[in-house]
Each structure stands twice: as C-alpha cells, then as structure tokens.
Amino acid sequence: MPHRGGSEVERGRLAHPKAAAEDLGDRRPRSDRLIAESVVKTGGATTVSALNKIAQTMVSDRRGILAADESIGTMSARLEKVGVEPTAENRRMYRELIVTTPQLAESISGIILADETFHQRLSNGRTFPEYLEDIGILAGIKVDTGAKPLAGAPDEKITEGLDGLRERVTEYARLGATFAKWRAVITIGDTTPSDRAVRANLHALARYAGLCQEGGVVPIVEPEVLMDGAHSLARCREVTTAVLEALFQELDLMQVQLDGIVLKPNMVVAGTDSGERPTVAEVAQATVEALRATVPPSVPGIAFLSGGQSPEVATQHLGAMQSLDPLPWELTYSFGRALVGPALETWRGDENNWVAAQKALSERAVANAAAR
C-alpha cells in the first residue's frame with residue numbers, strides 16, 4: 001500500500017507513513033438545522049450539494065451522532081448482561097427509551113439504527129424514522145452485514161454486505177434514511193494489519209460510499225483501528241495514519257464526493273493491554289496529527305467512535321481536541337456505548353427506571369455537546 005513519499009508496506013505490515021503537518025485552512029461554516037425535507041433530487045440521485053447539506057447538519061451545531069445500530073446478537077447479549085430477556089420487544093422498547101429521551105435533538109443530530117429497529121414502531125404507532133423526523137433528528141441505517149474472517153488470514157476480518165446494497169439503499173431512503181454507516185475493523189498485532197486486509201476493507205468502504213451517494217444517502221465512512229492489543233500510542237498513530245491515507249486513495253478511485261461524507265475514525269490511543277497510559281493531551285495531539293496528515297479539508301466533519309473507551313474518557317479526549325489549532329473540519333462524536341451505556345445500566349428492563357435511564361443518556365449527550 002503506497003504512502004506519501006513512495007514508502008511501501010513491507011513484510012505484510014504497515015510501514016510508517018509521512019506525517020508532515022499540512023495547512024488545511026480555516027474551519028468550515030456551520031450549516032442550517034434539519035434539512036432532510038429540502039433535499040433536491042436530479043435524475044433520481046441526490047445532488048452533491050444536497051448531500052453536503054445533510055453531512056453538515058450531521059456534524060454541526062455542537063451536536064453529534066448516536067449509534068444505536070447493534071446487531072440483534074450484540075444487543076441481545078447486552079440486554080442479557082443487565083438481566084433483560086433478549087426478545088424483539090425488549091430490543092424495541094430499549095431503542096424507544098433512547099429516541100424518546102426529552103430534548104435529545106439539542107445534542108444529537110442523527111441516530112444510526114439497525115435494520116430490525118428501522119422497521120419497528122414506537123408505542124405511538126410511528127416508525128422510528130418517522131418519529132425521528134418529527135423531533136428534528138436525522139435517521140441513519142447500518143447497511144453492512146458484519147465483519148467476517150478474511151480468507152487465508154485467521155486473525156483479520158473483512159466487512160461484508162455489498163451484494164444487493166444498491167437496492168437496499170434505495171429502499172432505506174424511501175423509508176426515511178438520510179445517511180448510512182459501514183464499519184471496517186483493522187487489528188494491530190505482531191503481524192497485522194496486513195496489506196491485503198487493509199486494501200480489501202478500504203476498497204469495500206469506498207464502494208459502499210459510492211453506492212450510498214448514488215442513492216441520495218450520506219455515507220458515514222468508518223475505518224476502525226481497534227484499541228484491543230498491546231500496541232503503543234505511537235504504533236496506533238502509525239497504523240491509523242496509514243489506514244486513513246489509503247482510505248482516501250480508495251475514495252478517490254471510486255470518485256466519491258468528499259463533501260458528501262462523514263468520516264468516523266478511531267481516536268489514537270494506546271492498546272488496552274499495553275500498560276501505557278497516555279495523557280488526554282497526548283491522545284488529542286496524536287489523533288489530530290494523524291488527521292492533519294491524511295484528511296482533505298473538503299470533508300465536512302469527523303465523528304469519532306469511542307471504541308471501547310469509558311464514557312468520561314472519550315468525552316475528555318474529544319474536548320481536548322477542540323482546543324488545538326483551528327481545523328478545517330468539524331470534530332464531533334458518534335458514540336454508542338459511551339452514550340447509552342449508563343442508560344442501559346440504569347434501565348435494566350424496569351419501567352420504574354425509565355425516567356432515570358433517560359436522564360443518564362441526556363447527561364452523557366449534553367456532556368459531549370459541551371465538549372465540542
């Protein structure tokens with residue numbers, strides 16, 4: 001995988017890319033509020049300017065994106081962990097608790113839904129996308145079908161779901177989706193990530209992004225370098241920089257319009273088993289340096305995943321990045337567990353805990369909005 005300056009991946013591992021800082025200009029202007037109703041379509045495809053307006057809405061006004069798109073298996077496991085029977089109705093009820101949290105639209109611009117939730121209805125009879133539109137939050141949909149073992153590489157995965165994606169995007173857009181999400185996972189180890197795993201995952205991400213834009217839906221592009229492992233902060237920065245650089249090469253190859261996407265990367269952190277404990281300032285600096293070296297200024301915004309960080313730590317890292325030099329993109333959050341974890345722990349399937357659980361979610365959302 002080529003990097004700036006012509007360096008190559010050697011021995012199946014990512015070589016250190018150049019990370020020279022670039023002057024990427026001033027921060028882009030903030031967008032208007034909810035614009036889903038104003039999307040202009042030409043010849044069946046949403047125009048790039050309309051996609052840009054949606055993307056700007058997703059990352060502006062101090063708001064962030066809530067990821068409520070866990071698969072049935074993952075969500076069921078989380079319910080069981082807090083003593084809740086993992087039925088379709090309990091999954092629906094939990095997601096209803098989330099979206100009906102009072103004043104949620106003040107901190108959240110969009111919510112990523114799973115396919116199951118996208119087709120379910122709230123107690124008031126509205127579908128989840130319909131209700132979100134009612135309260136001024138954009139509805140998103142996870143369209144990948146999960147990470148599966150990469151052939152011949154037992155320690156690495158490839159995200160699948162491209163088959164039939166054009167038709168699925170068209171249907172989701174008809175039902176109210178304005179954006180979508182696809183997650184690729186990259187593992188750092190003694191011999192990983194391999195060049196083929198990186199290339200395969202980023203090529204799929206770029207093809208997904210192109211199909212979304214063709215269908216009038218803004219793609220969230222999520223290349224997650226996992227924090228699992230014993231790698232150092234420096235190694236995470238090295239891999240994250242290389243992955244992002246390769247990602248934009250693939251997006252360019254597929255002629256994806258960068259002003260109509262939202263990037264959802266990991267923060268640059270030390271591996272969970274490394275024993276290294278970087279400061280909040282060190283994580284913020286390393287993350288921004290990786291972004292400066294790779295992300296074009298035409299990208300409207302970067303919505304970080306929390307990646308297993310605690311809610312408080314993820315918020316601290318986000319806040320620290322805001323105080324660095326002016327950046328050309330909005331920096332916001334697209335958290336799952338770091339937003340809804342406290343709410344699930346509080347609710348535990350007991351209707352008497354409903355208000356307290358929503359309060360726990362609201363406090364995390366407000367804290368992250370404040371960190372911006």
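A search of the whole structure finds one cavity of 30 Å³ or more. On a 1 Å grid over the protein atoms alone, a cavity is a set of points where a 1.4 Å probe fits but cannot get out. The model is predicted: local features need pLDDT of at least 70, side-chain atom pairs count only at pLDDT 80 or more, and totals for chains, interfaces and linings use all residues. Residues are numbered from 1 along each chain as its sequence is written, and side-chain values use heavy atoms, with hydrogens and water left out.

**Stop 1: the cavity**

Select Glu224, Val225, Leu226, Met227, Asn266, Met267, Val269, Leu305, Ser306, Gly307 and Gln309, which line the largest cavity; lining residues have an atom within 4 Å of a point. The volume of the largest cavity is about 60 Å³, taken as the space filled by probe spheres set on the points, with grid points joined across faces, edges and corners. Its lining has six nonpolar, four polar and one charged residues. In this count Ala, Val, Leu, Ile, Met, Phe, Trp, Tyr, Cys and Pro are nonpolar, Asp, Glu, Lys and Arg are charged, and the others, Gly among them, are polar.

**Stop 2: the largest pocket**

A pocket is an open set of points with protein on both sides within 12 Å along at least five of seven lines. Two or more lining residues come from each of α2 (72-81), α4 (115-118), β8 (179-186), β9 (218-225) and β12 (330-335); helices (H or I, at least four residues) and strands (E, at least two) are DSSP runs numbered from the N terminus. The most come from α2, with three residues. By class, the pocket lining divides into eight nonpolar, eleven polar and 14 charged.

**Stop 3: α2 and α11**

Axes are lines fitted to C-alpha atoms, for helices over the stretch in contact, and angles run from 0 to 180 degrees between N-to-C directions. Met75, Arg78 and Leu79 in α2 meet Arg337, Leu344 and Trp347 in α11, where contact means heavy atoms within 4.5 Å.

**Stop 4: α7 and α8**

Select residues 195-214 (helix α7) and residues 233-253 (helix α8), which pack at an angle of about 45° with axes 9 Å apart. These helices are therefore oblique to each other. Val198, Leu202, His203, Leu205, Ala206 and Ala209 in α7 meet Val243, Ala246, Leu247, Glu250 and Leu251 in α8. By class, this contact has nine nonpolar, one polar and one charged residues.

**Stop 5: α3 and α12**

Helix α3 (residues 88-99) and helix α12 (residues 354-371) pack at an angle of about 55°, their axes 9 Å apart. That makes α3 oblique to α12. Met93, Glu96, Leu97 and Ile98 of α3 make the contact with Trp354, Ala357, Gln358 and Leu361 of α12.

**Stop 6: two loops**

Go to Pro193, in the loop between β8 and α7. A cis peptide bond joins Thr192 and Pro193, with omega about 10°. Last, select Asp61, in the loop between α1 (48-59) and β3 (64-68). Phi of Asp61 is near 60°, a positive value in a residue other than glycine.

Definitions and conventions: Parallel < 35°, antiparallel > 145°, perpendicular 65-115°, else oblique.
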